[in-house]
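User: I would like to learn how to read a model like this one. Can we go through it feature by feature?

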Amino acid sequence: MTEKPRAADPDTSGSTPGGSAPTDDGPRVVIRDNRKLGKTEETPAAADAGADVPAEGLVEESEVVVDEIEAEATALDDPAPTGPPVVDAPAQPVDGSATGSPLGAELEALRAELDERTRDLQRVSAEYANYRKRVDRDRGVVQEQATGSVLAALLPILDDLDRAREHGDLVGPFGTVAEQLTTALGKFGLTPFGEQGDPFDPTRHEAVAHQTSPDVDEPTCVQVMRRGYLLGERLLRPAMVAVADPE
């Protein structure tokens with residue numbers, strides 16, 4: 001009497017003939033290995049052992065599932081490079097002007113405008129500095145001219161005081177007032193010059209008389225008719241003198 005083949009254990013990974021293959025979420029490849037088993041004598045003990053011993057004529061179907069077949073196929077299609085490993089270069093800053101983007105063009109326009117404004121500021125600063133120097137110089141010239149005009153109006157009074165001093169009339173209180181006036185005018189930079197025996201200087205002396213003398217080796221002022229005055233380095237009035245030339 002022949003026993004009916006026993007159904008395969010549902011816990012095993014295989015499937016019965018004519019049955020459907022188990023489903024899985026990922027791609028699965030089933031490889032079937034058909035092996036025909038030889039005849040064996042079945043004993044009651046073996047029959048009671050369960051489904052571990054297949055019956056005669058049954059084909060044991062074993063499924064080998066490869067879960068990573070897609071990764072292996074990808075590796076076969078794209079083999080790994082055999083050359084040296086590629087090292088990524090460090091990221092370089094992107095210059096907007098090199099790419100020609102609107103941001104780069106705007107940046108270049110701002111830089112050009114900044115350079116132009118800087119040059120304008122430097123030019124204005126230089127002009128202002130020159131203006132201040134010119135104003136200070138002009139202010140000093142105007143002040144010196146105003147002072148010179150006032151002192152030039154007082155020179156005839158000083159000439160009268162000199163003549164009175166020569167005649168000995170400038171004594172007592174009048175002499176004191178004359179000295180104070182001369183001192184006060186000296187504080188404004190007024191300096192008298194022109195003494196007898198000074199070498200003749202045509203830039204500072206006005207010769208009104210000429211004579212020869214064996215006592216001189218060069219043109220010399222032998223008589224001062226009116227003293228000259230300097231206002232700082234400026235000639236306010238030349239001295240009027242008589243000049244003696246060597247024989």
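Analyst: Start with the inventory. The chain has 5 helices and 8 strands. Keep in mind that this is a predicted model.

User: How do I read burial and surface for the whole chain?

Analyst: Look at two totals. Of the 247 residues in the chain, 15% are buried. The accessible surface comes to about 19,200 Å², and carbon and sulfur atoms hold 55% of it.

User: What share of the contacts with a separation of 6 or more comes from residues 24 or more positions apart?

Analyst: Such pairs account for 69% of those contacts.

User: Now a helix pair. At what angle do H4 and H5 pack?

Analyst: Take angle, distance and hand together. Helix H4 (residues 102-167) packs on helix H5 (residues 173-186) at about 145 degrees, and their axes lie 11 Å apart. The crossing of H4 past H5 is left-handed.

User: Which residues in H4 and H5 meet?

Analyst: H4 brings Leu151, Leu154, Ile157, Leu158, Leu161 and Arg165. H5 answers with Ala178, Glu179, Leu181, Thr182 and Leu185. By class, the residues of this contact are 8 nonpolar, 1 polar and 2 charged.

User: Next, the strands. How many bridges join E3 to E6?

Analyst: Read the count with the direction. E3 and E6 run antiparallel and are joined by 4 bridges. Within this pairing, Pro192 has Tyr229 in E6 as its bridge partner. E6 also pairs with strand E7 (residues 234-237), again in the antiparallel sense, over 3 bridges. There, Leu230 stands opposite Leu235 in E7.

User: What does the hairpin of E6 and E7 look like at the turn?

Analyst: Count the residues between the strands, then check phi. This hairpin has 2 residues between them, and Gly232 takes a positive phi near 70 degrees.

User: Are the faces of strand E6 covered or open?

Analyst: Check each side in turn. In E6 (residues 228-231), Gly228 and Leu230 are buried on one side, and Tyr229 and Leu231 are buried on the other. Both faces are covered.

User: Last, a loop residue. Why does Gly189 count as partly exposed?

Analyst: Compare its accessibility with the cut-offs. Gly189 has 23% relative accessibility, and partly exposed lies between under 20% for buried and over 50% for exposed. Gly189 sits in the loop between H5 and strand E3 (190-193).

User: Which residues does Gly189 touch, leaving out those up to four places away in sequence?

Analyst: Gly189 touches Leu230, Leu231 and Gly232. From Gly189 to Leu231 is 42 residues in sequence, but 5.2 Å in space, C-alpha to C-alpha.

Notes. Residues numbered from 1 in each chain as written. Predicted model: local features only at pLDDT ≥ 70, side-chain atom pairs only at ≥ 80, totals over all residues. Heavy atoms only, no water. Axes fitted to C-alpha atoms, helices over the stretch in contact; angles between N-to-C directions. Left-handed = near helix turned anticlockwise from the far one by under 90°. Contact = heavy atoms within 4.5 Å. Nonpolar A, V, L, I, M, F, W, Y, C, P; charged D, E, K, R; others polar. Buried < 20%, exposed > 50% of the residue type's maximum accessible area, 1.4 Å probe, protein only. Areas by Shrake-Rupley, 256 points an atom, 1.4 Å probe, with all protein chains shown as cover. Pairing = 2+ DSSP bridges.
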